[in-house]
Amino acid sequence: AGSLVMLKHRRTISGITFCLYMTAVLVLCLIKTDGLPEVEKSFFGIPFDKVAHFVMFLPFPILSGLTFIPKDSGIQMRLATMAVLTIAGAGMAYGTEQLQAMTDYRSCDMKDFIADILGIVSGTLISISTILLKKHSGRK
């Protein structure tokens with residue numbers, strides 16, 4: 001009974017964390033940036049805003065997986081759910097670019113979208129690796 005309560009609390013904490021993360025991403029994508037302090041223009045030659053987009057979307061598959069993948073599901077269901085969550089993340093990334101295009105202070109940049117997708121794919125690979133390692137080790 002104690003582990004069932006912990007599972008429910010973990011799911012609740014994951015859900016709250018995911019909602020806070022989604023809110024932060026939307027705020028960061030839609031705030032006016034002209035009043036923010038200047039930052040370095042590049043990070044190892046990569047434009048800093050692309051690095052920021054990558055980092056911003058990297059947690060999406062990890063946090064959404066913790067929130068939405070049923071704990072006791074089989075590996076096929078976990079991987080299928082991860083595929084759906086990855087597609088949902090790509091839709092969210094595209095949607096944020098479209099929302100930016102609707103403002104008069106931000107723009108739709110397909111290079112930002114590509115950086116978002118690279119972050120999502122990287123997070124998905126981390127999640128899938130974790131799923132497969134847990135299966136291989138016999139843990140759920």
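Questions and answers on helix packing and a pocket follow.

The model is predicted, so local features need pLDDT of at least 70 and side-chain atom pairs pLDDT 80 or more, while totals for chains, interfaces and linings use all residues. Residues are numbered from 1 along each chain as its sequence is written, and side-chain values use heavy atoms, without hydrogens and water.

Q: Are helix 3 and helix 4 roughly parallel, roughly antiparallel, roughly perpendicular or oblique to each other?
A: The axes of helix 3 (residues 59-68) and helix 4 (residues 75-101) come within 10 Å and cross at roughly 130°. Angles under 35 degrees count as roughly parallel, over 145 as roughly antiparallel, 65 to 115 as roughly perpendicular and the rest as oblique. Helix 3 and helix 4 are therefore oblique.

Q: Which way do helix 4 and helix 5 run, roughly parallel or roughly antiparallel?
A: Helix 4 and helix 5 pack with their axes 10 Å apart, at an angle of about 165°. That angle makes the pair roughly antiparallel.

Q: How do the residues of the contact of helix 4 with helix 5 divide by class?
A: Among the residues of helix 4 that meet helix 5 are Ile75, Arg78 and Glu97, and the helix 5 side includes Asp112, Ile131 and Lys135. The classes come to 13 nonpolar, six polar and five charged.

Q: Which element gives the most to the lining of the second largest pocket?
A: About 290 Å³ of space lies in this pocket. Of the 15 lining residues, those closest to its centre are Gly65, Leu66, Arg78, Ile131 and Lys134. Helix 3, helix 4 and helix 5 (110-137) each give two or more residues. With five residues, the element that gives the most is helix 5.

Note on methods: Axes fitted to C-alpha atoms, helices over the stretch in contact; angles between N-to-C directions. Helix = DSSP H or I, 4+ residues; strand = E, 2+ residues; numbered from the N terminus. 1 Å grid on protein atoms, 1.4 Å probe; cavity = no way out; pocket = protein on both sides within 12 Å on 5 of 7 lines; lining within 4 Å. Points joined across faces, edges and corners; volume = space filled by probe spheres on them. Contact = heavy atoms within 4.5 Å. Nonpolar A, V, L, I, M, F, W, Y, C, P; charged D, E, K, R; others polar.
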